[in-house]
Amino acid sequence: MSEPPVSVADSLRDRARAALGSRNLILVGLMGAGKSSVGRLVAQQLGVPFVDSDIEIERVSRMTITELFAAYGEEEFRALEARVMKRLLKGGPRVVSTGGGAFINARTRKHIKKGGLSIWLKADLDVLWDRVNKRDTRPLLKTENPKQTLENLMNARYPVYAEADLTVLSRDVRKEVMADEVLRAVVEAQKESAVS
Ligand SMILES: Nc1ncnc2c1ncn2[C@@H]1O[C@H](COP(=O)(O)OP(=O)(O)O)[C@@H](O)[C@H]1O
Ligand SMILES: O=C(O)C1=C[C@@H](OP(=O)(O)O)[C@@H](O)[C@H](O)C1
Ligand SMILES: [Mg+2]
């Protein structure tokens, strides 16, 4: 009996799942890049658990990110974030979406590099701004000129995000298209490491 035809989408999913193996896939990048929403779709496609470090931080602290920043400041938030990330990365495979500052913190970055395959969702300022200015849940953008603040963060952080294992351009296309591009990047990375 002949095999049923395998759809292109199924084979991309299967190939990405095989390429990931038991590693975690960790999404990094600036606020608004789509880490939380695209990460969730990628996990569904791969059939592995999804965790978002911000949601996990809010769960363990029983406070919102905004409340944490207001009560304890950014430094304490980063220390908590580092501890939560270390724990989330212990098991695998998982898709882990990080908060935008996680990969910038040296301790957290070390956990991420050790904990799996990192992928930078890279976007330009206008794409990010269009997305983040619709909500006021991001304490770092509560400034007089939040678009300028976002641009300053881009300038400071992009060289660090560039240390991620993989990069995918986050643009104005559907989240499902972005999720497919992430899967494709995972497959391509595996092919390249097999050749070298
Ligand atoms: N590819 C996309 N197309 C349109 N809107 C998007 C896309 N990716 C994310 N968004 C929207 O942009 C906002 C920020 O996305 P989110 O996933 O929270 O980003 P991050 O976690 O990187 O800050 C959300 O409202 C989300 O629905
Ligand atoms: O860039 C940052 O430093 C932050 C990004 C946020 O997550 P998202 O990138 O998911 O918005 C959240 O962790 C916190 O507001 C700080
Ligand atoms: Mg997020």
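Predicted model: local features only at pLDDT ≥ 70, side-chain atom pairs only at ≥ 80, totals over all residues.
Residues are numbered from 1 along each chain as its sequence is written, chains are lettered from A and ligands numbered from 1 in the order in which they are written, and side-chain values use heavy atoms, with hydrogens and water left out.

Let me stay with ligand 2. Of the 13 residues around it, K35, D54, R78, R138 and R157 come nearest, a residue being near if one of its heavy atoms lies within 4 Å of the molecule. As for polar contacts, meaning pairs of N or O atoms within 3.5 Å, an oxygen atom of ligand 2 lies 2.7 Å from a polar side-chain atom of K35, and there are also oxygen atoms of the ligand at 2.8 Å from a side-chain N or O atom of D54 and at 2.7 Å from one of R78. Taken alone, ligand 2 exposes 380 Å², of which the protein buries 96%, by the Shrake-Rupley method with a 1.4 Å probe.

Helix 4, residues 65–88, gives the most to the shell around ligand 2, with 3 residues; helices here are DSSP runs of H or I with at least four residues, and strands are runs of E with at least two, numbered from the N terminus. D54, for its part, is placed in helix 3, residues 53–61. An unreviewed UniProt entry lists D54, R78, G100 and R157 under "binding site", and the lining of the largest pocket includes D54, R78, G100 and R157.

Now to ligand 1, whose space is likewise the largest pocket. Helix 2 (35–46) and helix 8 (175–195) are the elements that give two or more residues to the shell around ligand 1, and the largest share, 3 residues, comes from helix 2. Of the 15 residues around ligand 1, G32, K35, S37, V173 and K175 come nearest. A polar side-chain atom of S37 is 2.6 Å from an oxygen atom of ligand 1, and one of K175 is 2.7 Å from an oxygen atom of ligand 1. A nitrogen atom of ligand 1 lies 3.4 Å from a side-chain N or O atom of R131.

The "binding site" annotation in the unreviewed UniProt entry also covers G32, A33, G34, K35, S36, S37 and R138. G34 is placed in the loop between strand 1 (24–28) and helix 2.

Finally, two points about the backbone. Most residues other than glycine have a negative phi, and most peptide bonds are trans. R62, in the loop between helix 3 and helix 4, has a positive phi of about 55° although it is not a glycine. A cis peptide bond, with omega about 0°, joins G92 and P93, and P93 lies in the loop between helix 4 and strand 3 (95–97).

Terms used. Polar contact = N/O pair within 3.5 Å; in protein donor to acceptor, adjacent residues only side chain to side chain. 1 Å grid on protein atoms, 1.4 Å probe; cavity = no way out; pocket = protein on both sides within 12 Å on 5 of 7 lines; lining within 4 Å. Sits in = over half its atoms within 2 Å of the grid points. UniProt positions renumbered as here; feature names shortened; annotations may be inferred.
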